[in-house]
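Here is a brief report on one protein chain. Look at the fold first, then read on.

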Amino acid sequence: MNFYVYNTLTRKKEKLIPLREGEISMYTCGPTVYNFAHIGNLRTYIFEDVLKKSLEYEGSRVKHVMNITDVGHLQSDADEGEDKMSLGAKRENKSPYEIARFYEKAFFEDCNKLNIKKPTHTCRATEHIEDMINLIQNLQNKGFTYEVNGNVYYEIDKFKNYNKLANLSISELEAGNRVEVDENKKNPLDFVLWFTNSKFKNHIMQWNSPWGVGFPGWHIECSAMAIKYLGERADIHCGGVDHIPVHHTNEIAQSEAFLGHKWINYWIHGEFLVLDNGKMSKSMGNFLTLNRLIEEGFDPLDYRYFCLQSKYRKQLVFSFENLEEARVSYKRLKERIYSINEKVKNEENINEISIKHYKDKFKKEISDDLNIANAFTVLYEVLKDNSLKEAEKIYLVNDFDKVLSLNLLDFREEKSRNSEKPEETFITKLITEREDARKSKNWAKADEIRNKLLEMKVELIDTKDGAKWKMKE
Ligand code: AMP
Ligand code: ZN
């Protein structure tokens, strides 16, 4: 396998060497289902989808696991603020479970519209409480935890190299996390594994545990579910860059303390989508959803195309103007492919050698830490290569679209646009104007329009169902 990825753990682009030949195990942190996903979240899921499909294109089987956070995530990733599920429940006067199922469904609908493929396993935190309790008990037996006031904490000072992923000093991590002063914590960076005596006295989601009735911390769910479904070692773990200093750092501390060895080989992070006027945040209420883009007249795939135009490791600035530019260029690309497809002759066969040349080129780009911009360049080279037959071009477009997932060969829109010639729309408009003139007995205007149409060689035939037209011979 010849695939290179930027590994946050080593701060280097590295050749991906899978644990098992031909198979990749991949875990991606899933949504906290207390509200709609915002388009920033969706950028991260698009990047993970492209990564997975690129690995599949390269020839690997990908076993992909993603969690659904439906309990335990507080407003800040570092045990601070209110519980997100309870917040959603209060806001909408529903139970946390109703909220969770509603937004989980909405999330997968968004993914579907964006051609994001479903993971091999999707697992809900609330259905894996037992696994989390077992993990916490094991950490307790190994001496990595302490209990104060009924809560179980992870003691980061017991774990060597706690800061290895973030590559920051402990004081930098503290400054970045803005950790709330918690009298119970030995180190401000310690985090809760199990809450029993939290500030949320009437928390609805509660389970029995060896430490009393309560609920798990957020970080433990990913460790428990990733290990359960992918085993003691896995190839890839992904998420947005915000997860580096807290969530993923804590996941490593828990999992490696539990396992006693290295857990994940490649940590791959997607950069943020930002608004041109600052950060998008659910808690600040200034977040954009996919449905909002649809209401503004965009196709969900315009947004996918927009995301694919920039490197996943670079911040991407969103504005409706930028999205509009992407929409136009995506439309042009599809129209170009449509006109090539129109010329394909049935008897045309495919020359394997010319196909392979371009397939290899495309593969080389996507395998270079997802160089999708260059992969698009290969696509354009294919479209303009005169030595390729039209059928070969279409074959390659279809092949590349397994990774890009832009429905490049779905011509529904192009067909309706092209079957109606521009004059026809104009003609139809004139005919309606003439009908209106006739209804208001404005015969002079009706005649004027008839003559104008005649000049355009359009002949009108008045019938009881309205005017029909045909081109004059
Ligand atoms: P959450 O539902 O908040 O747990 O986030 C889901 C995913 O979206 C995580 O991988 C986050 O790192 C990622 N994420 C959050 N905000 C943004 C953003 N503005 N741009 C890109 N990814 C984001
Ligand atoms: Zn996670």
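## A parallel pair

How many bridges join strand β3 to strand β4? Six do, linking residues 23-28 with residues 61-68, and the two strands run parallel. Within this pair, Glu23 has Arg61 of β4 as its bridge partner. Strands (E, at least two residues) and helices (H or I, at least four) are DSSP runs numbered from the N terminus.

## Basis

This is a predicted model: local features need pLDDT of at least 70, side-chain atom pairs count only at pLDDT 80 or more, and totals for chains, interfaces and linings use all residues. Residues are numbered from 1 along each chain as its sequence is written, chains are lettered from A and ligands numbered from 1 in the order written, and side-chain values use heavy atoms, without hydrogens and water.

## The sheet

The open sheet has five strands in the order β7-β4-β3-β12-β13, with parallel pairing (at least two DSSP bridges between two strands). β7 (121-124) and β13 (264-270) are the edge strands; each has a single partner, so one side of each lacks a neighbour in the sheet.

## Helix against helix

Helices α1 (residues 39-58) and α13 (residues 390-404) have axes that come within 7 Å and cross at roughly 135°. Axes are lines fitted to C-alpha atoms over the stretch in contact, and angles run from 0 to 180 degrees between N-to-C directions.

Val50, Lys53, Ser54 and Tyr57 of α1 meet Asp399, Phe400, Lys402 and Val403 of α13. Contact here is heavy atoms within 4.5 Å.

## Whole chain

The protein chain holds 16 helices and 17 strands.
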